[in-house]
Amino acid sequence: MIAIISPAKLMDLETQYPGVPSTTPKYVDQSASLIKKLKKLSVGQLAELMDISLDLADVNKKRIAEWTAEHNIDNARHAVLTFSGDTYRGLQAPTMSKAELKWAQDHLIILSGLYGMLRPLDLMKPYRLMMGTPFSPDSKTPNLYAFWSDILTADLAARMKPDELLVNLASGEYIKSIQMKKLGRRVITCEFKEWKEGKHVTIMTFAKQARGMMARYMISNKIQDPELLKGFSEGGYMFNDSLSKPDIWVFTRKLPPPVSKKKKTN
């Protein structure tokens, strides 16, 4: 099995991980072509394109200007140890053993608007380019989906065995970059819901964290049989057979009670 997760906007660019082995992203040349186009945009244009503030656009303008195709341990960082959003809080990659990181390298893929796909130990440089950003790389390519879709689908099809399946733990924005019919593999999508006000609902922050926890569960237990994923119980979740479909597996839990605020006393 191979699991797919989304990247994150938040990144930890400070913590050091000496001694962790590293690999080079497979599609650096394609990334460089995207950067070349991005370098032509002004701060204002980046702010509009990415729907961010001018201050944040200025930060990213500098990152784009400094980006080069050379990736080494001195100028780039391990992908799985750099992303730090909700999914990665659930994944807790910094607590993985070397054996777990090695297994993850072969069984976990991080989709990326800039890099296409990253293995956990691939080196990356800080960036902001979501797959759904309305960015046209060239006159013949209307968006990033068109830019990456054939590449990513062919890559996955080549690396996966005919009977191997894909565990989708990515967001809708990113999973759309894979052409499932062309991939020709079974895909199991895991969904995570909370019991709130008499019904099961998806709360995105919790769902993202749970995706990371599921990926960690798969990695720590070296799961190859998809049925074993149904034993996932991290964070209080349980497999819900009544809500699930053959290839959409739903895990549910009761929503944790809100933390009560203590009244201040003089």
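Modeller: A crossing is left-handed if the near helix is turned anticlockwise from the far one by less than a right angle, and right-handed if clockwise. The model is predicted, so local features need pLDDT of at least 70 and side-chain atom pairs pLDDT 80 or more, while totals for chains, interfaces and linings use all residues. Residues are numbered from 1 along each chain, and side-chain values use heavy atoms, without hydrogens and water.

Biologist: Which hand does the crossing of α6 and α10 have?

Modeller: Helices here are DSSP runs of H or I with at least four residues, numbered from the N terminus. The axes of α6 (residues 98-107) and α10 (residues 204-220) come within 9 Å and cross at roughly 110 degrees. Because 65 to 115 degrees counts as roughly perpendicular, α6 is roughly perpendicular to α10. The hand of this crossing is right-handed.

Biologist: Which residues of α10 does α6 meet?

Modeller: Contact means heavy atoms within 4.5 Å. From α6 come E100, W103, A104 and H107, and they meet, in α10, R216, M218, I219 and S220.

Biologist: Which helix gives the most to the lining of the largest cavity?

Modeller: A cavity is a set of points on a 1 Å grid where a 1.4 Å probe fits but cannot get out, and lining residues have an atom within 4 Å of a point. The largest cavity holds about 70 Å³. Two elements give two or more residues to its lining, α1 (28-38) and α3 (54-66). With three residues, the one that gives the most is α3.

How values were computed:
Axes are lines fitted to C-alpha atoms, for helices over the stretch in contact, and angles run from 0 to 180 degrees between N-to-C directions. Angles under 35 degrees count as roughly parallel, over 145 as roughly antiparallel, 65 to 115 as roughly perpendicular and the rest as oblique. On a 1 Å grid over the protein atoms alone, a cavity is a set of points where a 1.4 Å probe fits but cannot get out, and a pocket is an open set with protein on both sides within 12 Å along at least five of seven lines; lining residues have an atom within 4 Å of a point. Grid points are joined across faces, edges and corners, and a volume is the space filled by probe spheres set on the points.
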